[in-house]
Amino acid sequence: MEAEGRVPGPLLPTPSPGGGGGAGAEADPLAGAPGAAQGPLLAAAAAEVLALDDEEDDLEVFSKDTSLAEVNSFSPSMPMSPSSMINQYKFEDEPELRDLFITVDDPESHITAIETFITYRVVTKTSRGEFDSSEYEVRRRYQDFLWLKSKLEEAHPTLIIPPLPEKFIMKGMVERFNDEFIETRRKALHKFLNRIADHPTLTFNEDFKIFLTAQAWELSSHKKQGPGLLSRMGQTVRAVASSVRGGVKNRPEVFTEMNDYMETFSQKINVLDKIAHRIYKEEREYFNEMKEYGPIHTLWSASEEDIADSLKGVASCIDKCCKATEKRMAGLSENLLPILHEYVLYSEILMGVLKRRDQIQGELDSKIDALANKKTEKDLFSEEIGKLEDKVECANTALKADWDRWKQNMQYDMRSTFTNVAENNLHYYEECLATWESFLASQRVDLHVEEDFEDRP
């Protein structure tokens with residue numbers, strides 16, 4: 001299962017531009033040979049994202065949560081790397097047992113006369129009493145996941161609902177419905193459901209249960225029972241009216257600070273995301289050039305008998321470094337890029353949540369203003385204001401608690417992701433260094449043999 005643990009990680013050392021990588025080296029952990037120019041920018045942006053908390057001490061961000069990371073087992077015989085050390089510690093209130101396990105797998109393509117779409121198998125295993133069975137297997141398409149997300153937002157407007165991957169993949173990355181796109185989406189959908197399952201409130205949502213257990217026709221029937229068009233239009237009109245009224249008069253300072261934090265976070269994480277994609281693109285171009293570079297030396301060796309061994313040695317080194325580059329690219333595409341883009345989407349979600357909280361606050365403010373101008377019906381207005389005050393209090397409490405969870409999860413995800421990238425870079429440079437050192441050693445031996453041969457009488 002993905003996303004079954006949450007542990008704190010150490011702060012990363014600030015990297016400096018240069019050669020090498022890892023602890024004690026002076027290399028930008030995200031800068032490869034083709035992306036060296038952007039590396040310092042990416043590292044600086046990453047440091048700023050992690051440093052945002054230092055400016056927000058009054059937001060009480062360190063709540064405990066165990067929902068969003070995969071924890072590796074620890075063996076005392078293995079060396080302690082930064083990423084393995086952070087997995088030795090767990091929060092005191094981490095639940096020992098989980099009672100809901102969800103897997104998204106087995107994508108299938110469906111072609112009809114009017115559309116082509118993919119469905120995914122969703123397997124749920126649980127020991128919860130509210131479920132009629134301990135295991136369920138259903139098939140869901142992307143539209144079903146969108147429906148679930150909208151229902152969660154409707155039921156919990158000031159909770160932070162996990163993001164879904166966009167309907168279409170980012171331009172220039174992969175073609176829609178090819179294997180890479182489908183697998184990337186499957187992983188994102190799997191993470192989406194497991195984040196909900198690990199959430200202390202969302203996990204008990206009735207629509208979530210129906211999504212996991214209902215057959216396709218049952219889910220379709222349940223969707224039709226949702227609010228009608230007029231109801232949704234009314235909600236939209238109220239939201240627009242609230243935004244037209246302008247800023248909230250009595251917004252608590254803590255939510256103003258949250259809004260300021262998210263504006264800064266959104267700016268930094270978007271820059272980080274763009275630079276990381278640019279570095280990955282340049283890394284791929286470098287990899288493609290390397291694949292052509294090595295064989296040229298092999299072909300050349302056929303016509304240069306005296307240096308054939310050296311040329312073949314260079315070709316072999318380039319081939320090994322090319323394979324190491326491919327592994328590093330896989331690490332970027334599987335670990336760094338998805339996390340960064342997920343938090344780009346999270347930043348949009350957080351801004352939406354804060355706006356919805358302000359809308360609820362705005363309703364209360366407008367009623368209070370109306371009461372001040374009313375000479376009659378004061379009892380009716382007082383009752384409505386009392387209900388709205390309770391609604392605002394519930395919204396504030398829910399958002400504060402979820403904010404703490406999200407903040408801690410984000411910090412862990414960023415630290416573990418950057419540590420993972422640093423370790424992958426360290427392994428990459430060590431492998432390439434060992435390859436070229438071995439080649440140089442063999443050339444020195446050959447030179448000494450030739451010199452000895454020439455010195456003989």
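**Entry 1: the chain**

I counted 10 helices and three strands in the chain; helices are DSSP runs of H or I with at least four residues, strands are runs of E with at least two, and both are numbered from the N terminus. The model is predicted, so I noted that local features need pLDDT of at least 70 and side-chain atom pairs count only at pLDDT 80 or more, while totals for chains, interfaces and linings use all residues. Residues are numbered from 1 along each chain as its sequence is written, and side-chain values use heavy atoms, with hydrogens and water left out.

Reading from the N terminus, I wrote the order of elements as α-α-β-β-β-α-α-α-α-α-α-α-α. Of the 457 residues in the chain, 43% are buried (under 20% relative accessible area; exposed is over 50%, partly exposed in between, with a 1.4 Å probe and protein chains only).

**Entry 2: helix 3 and helix 5**

I looked up how helix 3 (residues 142-155) and helix 5 (residues 206-213) are placed: their axes come within 9 Å and cross at roughly 165°. Axes are lines fitted to C-alpha atoms, for helices over the stretch in contact, and angles run from 0 to 180 degrees between N-to-C directions. The two helices are therefore roughly antiparallel (over 145 degrees; under 35 is roughly parallel, 65 to 115 roughly perpendicular, the rest oblique).

Next I listed the contacts (heavy atoms within 4.5 Å). D144, F145, W147, L148 and K151 of helix 3 meet D207, F208 and F211 of helix 5. By class, I found five nonpolar, no polar and three charged residues there. Ala, Val, Leu, Ile, Met, Phe, Trp, Tyr, Cys and Pro count as nonpolar, Asp, Glu, Lys and Arg as charged, and the others, Gly among them, as polar.

**Entry 3: aromatic pairs**

I searched the whole structure and got 12 aromatic pairs. Rings of Phe, Tyr and Trp (its six-membered ring) pair if their centres lie within 6.5 Å; planes under 30 degrees apart are stacked, over 60 edge-to-face, and the rest tilted.

Y261 and W403 make an edge-to-face pair, at 5.6 Å centre to centre and 80° between the planes. Y261 is in helix 8 (residues 253-301) and W403 in helix 10 (residues 378-455), so this pair ties together parts 142 residues apart in sequence. Y261 is buried at 2% relative accessible area, and W403 is buried at 0%.

I then checked Y343 and W406: the ring centres are 6.1 Å apart and the planes at 55°, so the pair is tilted. Y343 lies in helix 9 (residues 308-373) and W406 in helix 10, 63 residues apart.
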